[in-house]
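Biologist: Could you show me how to read the features of a model like this one?
Modeller: Gladly; let us look at it together.

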Amino acid sequence: MSWYYFRSRNHNRDGGAWGRMTRGMLPLLALQVASEFHRLGHKPPVTAGLLLANTIVYVRPSFLDRLLPTLHEVSFNPHFIIKLMAHIMILQRIVSFGLSVLAKSFNALYCYGKSTTGSVYGDLKRFFLSPFYHLDDAHLFYNMTSLLWKGIQLETSMDSMEFVSMVAILLGMSQGITLLMARGLLIFFGYERAYYNEFSVGFSGVLFALKVVLNAYSDEYTYVHSMVIPTRYAAWAELILIQVLVPGVSFMGHLGGILAGLLYLKLRSSYRGLDPLSALIRKAFGVVSWPLRFVKNIFNLQRRRISGGGRVGSTQPRFQSGVWRCDTCTYDNSMHDDVCEMCSTPRWGNGFRQVRQSNPSNNNLSVEELRLRRLERFG
């Protein structure tokens, strides 16, 4: 189950309960993660990275303590974020008219106001980093166990690059939708609490979005607090029940996650092929990992020449079990490898085919039986 953000009217500068947390549930979380990953054949790296990042940010080891912003500096607050955006837009307009001196004066006045009021508006850390911060052990434990289950289900059903792209898109969309809803409530209804007084942290918004994506096309039923409902509507049921059972959670953050998941599905269904962000991440990863692949290919090629394993460009293929053939260079690779050892082309999504297994019974067929089988197949 994906849980909660926190809300606070009096947002202490020292991070509130940040310094008084206990670590009692962290060993239980580590045990559960280790157990799940141990039984998996293919370990999902993006899910593991997200779990590790959230946990490291929460634990705050001493060597990272100075580098990581405090809870107070990253708590999601629409007023602070939108005030920064307005400041940037005004600066852009001033600069567009060629008034660079006025722009510098306006920026200096803004920074002076920030220093005297003690409010932190000077960056977008609140927008992008607040999902990775958690308030206490229970907050982290429930969010991470939910991420563990959803991440394994989704990442193993798609490419890891596509999964990390989806998580990044859902994070940005859920935060953005929450921001717009808070601003809309203030403008149209005069509701100030969600805009001015609510500070929130936690991965829950992204988790609600992942839940919508995971269950979107399910025809099954599930139990939500002893109620049997269609799985595709489970996120909506949890939204209401969690708000009733735990009144301190951020309803806006969770609702923003659900709407982000629905919007992502709508956009994804109207777009064919790999989304641009996935393609960009894949290309960036390819550039960064090229030196490692180059060195690995050199050692693997030398090892293959010594051991005599594998073939390239055979016109009469010898069918092998547990082998797949690269359509780019026709090199036969082990089924345990996801990248061609000769040309480093990925195995999936590029027209690769698994080399068929030979049928021992075909070797014992007579010439007449082979002729009849060919006639049946090709007419």
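We will go through the core, the annotated regions and the hairpin.

Modeller: First, this is a predicted model, where local features need pLDDT of at least 70, side-chain atom pairs count only at pLDDT 80 or more, and totals for chains, interfaces and linings use all residues. Residues are numbered from 1 along each chain as its sequence is written, and side-chain values use heavy atoms, with hydrogens and water left out.

Biologist: Which residues have the most contacts inside the largest nonpolar core?

Modeller: A nonpolar core is a set of buried Ala, Val, Leu, Ile, Met, Phe, Trp, Tyr and Cys residues joined through side-chain atoms within 4.5 Å; buried means under 20% relative accessible area (1.4 Å probe, protein chains only). Here the largest has 52 residues, and Tyr133, Leu147, Met166, Phe203 and Leu210 have the most contacts inside it. Helix α8 gives the most, 9 residues (helices are DSSP runs of H or I, at least four residues; strands are runs of E, at least two; both are numbered from the N terminus).

Biologist: What does the UniProt annotation "transmembrane region" cover?

Modeller: Such annotations may be inferred rather than shown by experiment; positions follow the numbering used here, and feature names are shortened. The unreviewed UniProt entry lists residues 163-182, 194-214 and 234-265. Residues 163-182 are 100% helix, with end C-alpha atoms 28 Å apart, while residues 234-265 are 84% helix, with ends 16 Å apart.

Biologist: How many bridges join β1 to β2?

Modeller: Two strands pair if DSSP finds at least two bridges between them. Antiparallel β1 (residues 221-224) and β2 (residues 227-230) are joined by 4, and Val224 has Met227 as its bridge partner. The hairpin leaves 2 residues between the strands, and His225 in the turn has a positive phi of about 50 degrees.

How values were computed. Buried means under 20% relative accessible area, exposed over 50%, partly exposed in between (1.4 Å probe, protein chains only).
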